[in-house]
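The sequence and the structure are shown first.

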Amino acid sequence: MSGGCEAAVHATRRFLNTMTNDDAIVKLDFSNAFNTVRRDAILNAVSIKLPEIYRFCHSAYSETSYLQLDNNIISSAEGVQQGDPMGPLLFCLALQPILASLSSSLRLGYLDDVTIGGNMSAVENDVNIVLTSCKVIGLSLNS
């Protein structure tokens with residue numbers, strides 16, 4: 001979305017300027033997110049949100065890839081491929097359902113960085129949802 005990052009910054013600033021004593025804001029970051037997001041979660045999200053590119057993504061991500069460095073072969077079975085121009089989109093498609101399930105008044109995601117703000121109890125609940133839900137798609141929070 002054109003201007004999306006700018007809108008997110010303004011929304012966060014507006015939230016911070018109007019916070020009450022009962023509000024909280026947290027910033028969450030996933031550990032090694034692009035390398036650990038489950039490929040089946042990516043393909044499922046693509047099939048739902050962008051079925052037009054599913055076959056292409058399936059051909060790229062349905063099987064283990066083998067990477068070679070000198071005489072060493074490394075299997076790559078999770079995450080998006082480094083250098084894939086669609087990698088950020090695919091990652092975000094897998095994460096979006098988690099963000100959409102949250103109830104806090106401020107819910108922002110920029111790639112693997114998530115900001116949640118609102119009433120303390122809602123934020124606490126949403127952080128717990130993220131902790132639980134992210135494991136299902138192969139992610140863990142960088143605490």
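The second largest pocket of this predicted model has a volume of about 160 Å³. Its lining consists of Ala-41, Asn-44, Ala-45, Ile-48, Lys-49, Leu-93, Ala-94, Pro-97, Ile-98, Ser-133, Val-136 and Ile-137. Helix H3 (39-49), H5 and helix H6 (120-136) are the elements that give two or more residues to this lining. H3 gives the most, with five residues. Sorted by class, the lining of the second largest pocket has nine nonpolar, two polar and one charged residues.

How do their axes lie, and at what angle do they cross? The axes of H3 and H5 come within 8 Å and cross at roughly 85°. Angles of 65 to 115 degrees count as roughly perpendicular, and H3 is therefore roughly perpendicular to H5.

The largest pocket has a volume of about 530 Å³. Of the 19 residues in its lining, Gly-4, Ala-8, Leu-108, Gly-109 and Tyr-110 are the closest to the centre of the pocket. Four elements each supply at least two residues of the lining: helix H1 (4-17), helix H5 (87-100), strand S4 (106-110) and strand S5 (113-119). The lining of the largest pocket has eleven nonpolar, five polar and three charged residues.

Strands S4 and S5 lead on to the sheet. An open sheet of three strands has the order S1-S5-S4, and the pairing is antiparallel. Strand S1 (23-29) and S4 are the edge strands, each of which pairs on one side only. Neighbouring strands of this sheet are turned by 10° against each other on average, with direction ignored. S1 and S5 run antiparallel and are joined by seven bridges; Ala-24 stands opposite Gly-118 in S5. In a regular strand, side chains alternate between the two faces of the sheet.

Two helices lie across strands of this sheet. H1 lies across S1, S4 and S5 and runs at about 145° to S4. H6, for its part, lies across S1 and S5 and runs at about 150° to S5.

The remaining strands form a hairpin. Strand S2 (residues 65-69) and strand S3 (residues 72-76) run antiparallel, with five bridges between them. Within this pair, Gln-68 stands opposite Ile-73 in S3. Two residues lie between S2 and S3 in the hairpin, and Asp-70 in the turn has a positive phi of about 55°.

The overall arrangement can now be placed around these parts. The protein has six helices and five strands, which follow the pattern α-β-α-α-α-β-β-α-β-β-α along the sequence. Taken along the principal axes, the C-alpha atoms fill a box of roughly 60 × 30 × 25 Å.

Terms used. Residues numbered from 1 in each chain as written. Predicted model: local features only at pLDDT ≥ 70, side-chain atom pairs only at ≥ 80, totals over all residues. Heavy atoms only, no water. 1 Å grid on protein atoms, 1.4 Å probe; cavity = no way out; pocket = protein on both sides within 12 Å on 5 of 7 lines; lining within 4 Å. Points joined across faces, edges and corners; volume = space filled by probe spheres on them. Nonpolar A, V, L, I, M, F, W, Y, C, P; charged D, E, K, R; others polar. Pairing = 2+ DSSP bridges. Axes fitted to C-alpha atoms, helices over the stretch in contact; angles between N-to-C directions. Parallel < 35°, antiparallel > 145°, perpendicular 65-115°, else oblique. Contact = heavy atoms within 4.5 Å.
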